Amino acid sequence: MAPAAASWWCPPFSALWQDDVVAHRGEFYQFPATRMEPKPVQLPHPPILLGGQAPEALRRAGRLADGWVSGSQADLKGIGEAVAVVKAAAADADRDSGSLRFVCRGGPGTPSRRD
């Protein structure tokens, strides 16, 4: 999936999970009036968490998603910087950055090699 694909599928999926019938006509794909059943138990829908380390990926997560997931090899010493970018993008998009979820995976950094 292209990195920006989340921009294309997040809104239609959210609508499918919440509305009875949804039609979508976007730049890259379309679907006719469609019903999706059963609806998710979680309301309004399951959380959409996006990943990525590039600055644009972090900003996209803040603009569109319910949260962000770090990479499993992330250096946890610097994870706060990535979280700050996601939160700032949410605030810039008039979203509540305090409601975002963050899944931070990783370690203390690259171990030094022993000779």
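Student: How many helices and strands does the protein chain have?
Tutor: The protein chain has three helices and five strands. The model is predicted.

Student: What pattern do they follow along the sequence?
Tutor: Read along the sequence, the pattern is α-β-β-β-α-β-α-β.

Student: Now helix 2 and helix 3. At what angle do their axes cross?
Tutor: Roughly 50°, and the axes come within 7 Å. Helix 2 covers residues 55-64 and helix 3 covers residues 79-92. The angle makes helix 2 oblique to helix 3.

Student: Is the crossing left-handed or right-handed?
Tutor: Helix 2 passes helix 3 in a right-handed crossing.

Student: Which residues meet there?
Tutor: From helix 2, Pro55, Leu58, Arg59, Ala61, Gly62 and Arg63. On the helix 3 side they meet Ala82, Val85, Val86, Ala89 and Ala90.

Student: How many of the residues in that contact are nonpolar, polar or charged?
Tutor: Eight are nonpolar, one is polar and two are charged in the contact of helix 2 with helix 3.

Student: Different topic. What share of the protein chain counts as buried?
Tutor: 27% of its 115 residues.

Student: And the accessible surface, what does that come to?
Tutor: About 7,600 Å² for the protein chain, with 54% of that belonging to carbon and sulfur atoms.

Student: Last one. Among contacts between residues at least 6 apart in sequence, what share joins residues at least 24 apart?
Tutor: In the protein chain, 47% of those contacts do.

Definitions and conventions: Residues numbered from 1 in each chain as written. Predicted model: local features only at pLDDT ≥ 70, side-chain atom pairs only at ≥ 80, totals over all residues. Heavy atoms only, no water. Axes fitted to C-alpha atoms, helices over the stretch in contact; angles between N-to-C directions. Helix = DSSP H or I, 4+ residues; strand = E, 2+ residues; numbered from the N terminus. Parallel < 35°, antiparallel > 145°, perpendicular 65-115°, else oblique. Left-handed = near helix turned anticlockwise from the far one by under 90°. Contact = heavy atoms within 4.5 Å. Nonpolar A, V, L, I, M, F, W, Y, C, P; charged D, E, K, R; others polar. Buried < 20%, exposed > 50% of the residue type's maximum accessible area, 1.4 Å probe, protein only. Areas by Shrake-Rupley, 256 points an atom, 1.4 Å probe, with all protein chains shown as cover.
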